[in-house]
Amino acid sequence: MITIVYGHPWGKSFNAAIRDAVMDALKGREHALLDLYADGFDPAVREADLALYSAGRTNDALAQKYMEILARTREIIYIYPVWWGTEPAIVKGFHDKVLLKDFAWSYSYDGSLLPKLKIEKTTIFSTSDAPGEFFAAYFNDYLPSHIFAAVGMNNVSWHNLGNIVRASASEREEFLGKIPEWI
């Protein structure tokens, strides 16, 4: 199954257009959309969450639902804007509350992380006000090798439309037109 993690609050954003293009490209394939804002996902880790965290459990019903979906996921697609150089807080909170110990990872004898998910392909679609090269070290290096690899999200590709506030209609259409080949 292919899972889309969508993290943008505004329904008329270019990220929404990306989401729609992804959904169109996936017609006929089994997929699930996790629309974090529309679902009312609370990204904050609270005291009650921490009480269960070391046991790899959650009392958040939505996080549990997301975990059940991720357990069946073989490809994952993230769609979100770049805010302050990284993913939005709601997506970071998704990682904090859903990619739990003994579900997404475990410790080895020496304390390193062992991935437990079996996600064969990870694709990130993002937009940014600044040029994408400003964020390339994070999205092409740090995120794939330190976060995604630790949980078993493999073969990471990042596709960003930078300078989004100045992007022409033709640049936006060109980006959307490439989505089927990227996924």
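What is the volume of the largest cavity? In this predicted model, the largest cavity has a volume of about 60 Å³, a volume being the space filled by probe spheres set on grid points that are joined across faces, edges and corners. Local features need pLDDT of at least 70 and side-chain atom pairs count only at pLDDT 80 or more, while totals for chains, interfaces and linings use all residues. Residues are numbered from 1 along each chain as its sequence is written, and side-chain values use heavy atoms, with hydrogens and water left out.

**The cavity**
- The structure holds one cavity of 30 Å³ or more, where a cavity is a set of points, on a 1 Å grid over the protein atoms alone, at which a 1.4 Å probe fits but cannot get out.
- Its lining (residues with an atom within 4 Å of a point) consists of V45, D49, Y53, R57, T58, D96, K97 and L100.
- Helices α2 (47-53) and α4 (89-98) each supply at least two residues of that lining, helices being DSSP runs of H or I with at least four residues, numbered from the N terminus.

**Helices α1 and α6**
- Helix α1 (residues 14-25) packs against helix α6 (residues 169-182) at an angle of about 30°, with the axes 9 Å apart; α1 is therefore roughly parallel to α6, a term for angles under 35 degrees.
- Across this contact (heavy atoms within 4.5 Å), F14, A17, I18, A21, V22 and A25 of α1 meet R172, F175, L176, I179 and P180 of α6.

Definitions and conventions
Axes fitted to C-alpha atoms, helices over the stretch in contact; angles between N-to-C directions. Parallel < 35°, antiparallel > 145°, perpendicular 65-115°, else oblique. 1 Å grid on protein atoms, 1.4 Å probe; cavity = no way out; pocket = protein on both sides within 12 Å on 5 of 7 lines; lining within 4 Å.
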